[in-house]
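Student: Could you help me learn to read a protein model?
Tutor: Gladly! Let us look at it together.

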Amino acid sequence: MAKKHVIDEDECMTCGAWAGICPEVFEIDEKADTASVIMETSGPEDLIQEAMDNCPVECINWED
Ligand code: SF4
């Protein structure tokens, strides 16, 4: 089963660091000014992990 990732939107500073890493999974909701997860349960795990590693506030995590 694919791992699920979550964004802590309270911590996210909407920097968009993952935009070039995994744009098919993450987007910024410009109306709400928060990051969103487009694909909640699937996606290329290696790219999602890279996005996690590049998040400056470490607010993307694998769900338990
Ligand atoms: S890299 Fe982290 S802080 Fe930046 S937009 Fe994505 S989730 Fe938010």
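Here we talk through the fold, the cysteines and the ligand.

Student: What should I know before I start?
Tutor: This is a predicted model, where local features need pLDDT of at least 70, side-chain atom pairs count only at pLDDT 80 or more, and totals for chains, interfaces and linings use all residues. Residues are numbered from 1 along each chain as its sequence is written, and side-chain values use heavy atoms, with hydrogens and water left out.

Student: How many helices and strands does the protein have?
Tutor: Helices (H or I, at least four residues) and strands (E, at least two) are DSSP runs, numbered from the N terminus. This protein has one helix and four strands, in the order β-β-β-α-β along the sequence.

Student: How many disulfides does the structure hold?
Tutor: A disulfide is a covalent bond between the sulfur atoms of two cysteines. We count a pair of cysteine sulfur atoms within 2.5 Å. The structure holds zero disulfides. For cysteine 59, the nearest cysteine sulfur belongs to cysteine 55 and is 3.7 Å away.

Student: Is cysteine 59 buried or exposed?
Tutor: Buried means under 20% relative accessible area, exposed over 50%, and partly exposed in between (1.4 Å probe, protein chains only). Cysteine 59 is buried, at 4% relative accessibility. Cysteine 12 is buried too, with a relative accessible area of 18%. Of the protein's 64 residues, 31% count as buried.

Student: Which residues are around the ligand?
Tutor: A residue is near a molecule if one of its heavy atoms lies within 4 Å of it. Around the ligand we find, among them, Cys12, Cys15, Trp18, Cys55 and Cys59.
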